[in-house]
Amino acid sequence: MKSSRALTSDPLKSPTAKGDAVGEAAGLLVALTRISRQLRARSRSAVDDVTPSQTSALARTEQLGPLRLGTLAEVEGTSAATMCRVVDRLEERKLITRVPDPVDGRASNLESSREGGALLAELRARSTEALRSALGELNVDEHEVVAATISVLERLSDLMNYSER
């Protein structure tokens, strides 16, 4: 299904290029929220009762692990107490395991289990397929805009992550 709004690769023709930073931020938020919601809905049967917060913590653990619970809470932008509850649910489902900290024997680190890695792989495959399918409906010009936008979105993510600290 094609969008009724045409994408343009010329940022000067964009309705938000005239300095409407609030409108641009609001439009981006709506678009990203809708895409995220649609991707979650398509992967729902793969995750059963795993929440978005749990999925995010699991993915971050796979990416950065092994790591301490406090570090995971910090990179996820939440309190250690909240992250403890998230990790407890993941551990109950055997998606995360606690391993002894090699430096401090009193502490433990978190790492993604084989089952956790398999769940993330399934979620990524479903999401990638959903996006690939939607991208197949775009024209050549729209593909160029999407390709150019990826690095900008990554930069925005980095800027937002660093500005929170």
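The accessible surface of the protein comes to about 11,500 Å², and 56% of that surface belongs to carbon and sulfur atoms; areas come from the Shrake-Rupley method with a 1.4 Å probe, and for residues only the protein chains shown count as cover. The model is predicted: local features need pLDDT of at least 70 and side-chain atom pairs count only at pLDDT 80 or more, whereas totals for chains, interfaces and linings use all residues. Residues are numbered from 1 along each chain as its sequence is written, and side-chain values use heavy atoms, with hydrogens and water left out.

**Overall organisation**

- The protein has 6 helices and 2 strands, where helices (H or I, at least four residues) and strands (E, at least two) are DSSP runs numbered from the N terminus.
- Along the sequence, these elements follow the pattern α-α-α-α-β-β-α-α.
- Of the 165 residues in the protein, 22% are buried; buried means under 20% relative accessible area, exposed over 50%, and partly exposed in between (1.4 Å probe, protein chains only).
- Among contacts with a separation of 6 or more, 54% are accounted for by residues 24 or more positions apart, a contact being heavy atoms within 4.5 Å.

**Helix α2**

- Helix α2 spans residues 52-64, has 13 residues, and reaches 18 Å from its first C-alpha to its last, close to the 18 Å expected at 1.5 Å a residue; the expected span is 1.5 Å times one less than the number of residues.
- The residues Q54, A57, L58 and T61 of α2 are buried. They cover an arc of only 100° around the axis, which puts them on the same side of α2; the arc is that of the directions from the helix axis to the C-beta atoms.
- An α-helix has 3.6 residues a turn, so residues three or four places apart point the same way.
- The cover over the buried residues of α2 includes α3 (69-76), α4 (80-92), β1 (96-100), β2 (108-112) and α5 (114-135).

**Helices α3 and α4**

- The axes of α3 and α4 come within 9 Å and cross at roughly 105°, so α3 is roughly perpendicular to α4. Axes are lines fitted to C-alpha atoms, for helices over the stretch in contact, with angles from 0 to 180 degrees between N-to-C directions; 65 to 115 degrees counts as roughly perpendicular.
- L69, L72, A73 and E76 of α3 meet A80, M83, C84 and V87 of α4.
- In α3, L69, L72, A73, V75 and E76 are buried, and the buried residues of this helix pack against α2, α4, β1 and β2.
- V86 is located in α4 and counts as buried at 12% relative accessibility. V86 touches S53, Q54 and A57, not counting residues up to four places away in sequence.
- C84 also lies in α4, but counts as partly exposed at 30% relative accessibility.

**Backbone features outside the helices**

- Most residues other than glycine have a negative phi, and most peptide bonds are trans.
- The peptide bond from G65 to P66 is cis, with omega near -5°, and P66 is in the loop between α2 and α3.
- G77, which follows α3, has a positive phi near 70°.
- K94, in the loop between α4 and β1, has a positive phi near 65° although this residue is not glycine; K94 is exposed, with a relative accessible area of 55%.

Note on methods
Parallel < 35°, antiparallel > 145°, perpendicular 65-115°, else oblique.
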